[in-house]
Amino acid sequence: MTTTPPPATEAPNDPRRRRADFITHLYRLHRAISSDNAHHAAEARRTMARLRRCFAGPRQEADAYGTVFDFDPPETEQHIWLLTAGLFALHPQPRHEGPNARPSIGTAMGRLSQDRGDSVQRRFTQLVSVETASLPHYLRQCVQLLATADITLDYYRLLDELVALLGNDPYGRNDDRRQRIRLTWARDYHRASRPQSSPDPTEPDPTSPDTTA
């Protein structure tokens, strides 16, 4: 199955197009790990290990620069692309397909909370309420939790959202959008965390014909 980014109409050099190409590359790295070509699989594993280590410090982060800078991130987004690459390496996954194909981190954490309850809710509440400077730390914790349950999220969407949340905004022009993103994550979390109700077997099915008449 080929991995394709969400539909886009931007020019090839548009930042959104470059973001999509970068995330597509990350998904392809994940697919290459299980490739029949041993050389490609080994190289993909090495690249993923370098991206994973970028959280360890400046020296380790520098090892990830090649993977990120090959896609020419805007200077103001470089640190956000590095963060996203590191998060992906902590929880590599195939692109989410099917209905609701672009799950936010709120949706993913909501699904996790159905099994793990209050501990996930506390972690998610921290994520949506912390100051911007602390957001990468709590994102890392949440993605590590999702990895333990193999719950996917959409990295195309995540990178776009993180550019808005973590981008340089000294005059607060992006405040409304940042708040909307956090509210959307919270809404998605609460929708996904609701238990799926099962039909009551004692209640008649309204779609069945009435045979009592």
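This is a predicted model: local features need pLDDT of at least 70, side-chain atom pairs count only at pLDDT 80 or more; totals for chains, interfaces and linings use all residues.

Reply: Residues are numbered from 1 along each chain as its sequence is written, and side-chain values use heavy atoms, with hydrogens and water left out.

The chain contains 10 helices and 0 strands. Helices (H or I, at least four residues) and strands (E, at least two) are DSSP runs, numbered from the N terminus. Of the 213 residues in the chain, 42% are buried. Buried means under 20% relative accessible area, exposed means over 50%, and partly exposed lies in between (1.4 Å probe, protein chains only). The accessible surface comes to about 12,300 Å², with 48% of it belonging to carbon and sulfur atoms; such areas come from the Shrake-Rupley method with a 1.4 Å probe, and for residues only the protein chains shown count as cover. Among contacts with a separation of 6 or more, 70% involve residues 24 or more positions apart, where contact means heavy atoms within 4.5 Å.

The crossing of H5 past H9 is right-handed. A crossing is right-handed if the near helix is turned clockwise from the far one by less than a right angle, and left-handed if anticlockwise. On the side of H5, the contact is made by His79, Ile80, Trp81, Leu83, Thr84, Leu87 and Phe88. H9 contributes Tyr155, Leu158, Leu159, Leu162, Val163 and Leu166. Sorted by class, the residues in this contact are 11 nonpolar, 2 polar and no charged. Here Ala, Val, Leu, Ile, Met, Phe, Trp, Tyr, Cys and Pro count as nonpolar, Asp, Glu, Lys and Arg as charged, and the others, Gly among them, as polar.

Some residues of this contact also take part in ring pairs. Rings of Phe, Tyr and Trp (its six-membered ring) pair if their centres lie within 6.5 Å; planes under 30 degrees apart count as stacked, over 60 as edge-to-face and the rest as tilted. By this rule there are 8 aromatic pairs. In one of them, Phe22 with Trp81, the ring centres are 5.0 Å apart and the planes stand at 20°, so the pair is stacked. Phe22 belongs to helix H1 (residues 15-33) and Trp81 to H5, so this pair ties together parts that are 59 residues apart in sequence. Both Phe22 and Trp81 are buried. Ring pairs also link Phe88 with Tyr27, Tyr155 and Tyr156 in a cluster.

Arg19, likewise in helix H1, has a relative accessible area of 10% and is buried. Beyond its neighbours within four places in sequence, Arg19 is in contact with Glu77, Trp81, Leu159, Asp160 and Val163.

Met48 counts as buried because its relative accessibility is 2%. Apart from neighbours within four places in sequence, Met48 is in contact with Leu29, His30, Ile33, Phe88, Ala89 and Pro92. Leu29 and Met48 are 19 residues apart along the chain, and their C-alpha atoms are separated by 7.5 Å.

Most residues other than glycine have a negative phi. Asp72, however, has a positive phi of about 55° although it is not a glycine; this residue is found in the loop between helix H4 (65-69) and H5. With a relative accessible area of 44%, Asp72 is partly exposed. Asp150, also not a glycine, has a positive phi of about 55° and is found in the loop between H8 and H9. Asp150 counts as exposed, at 58% relative accessibility.
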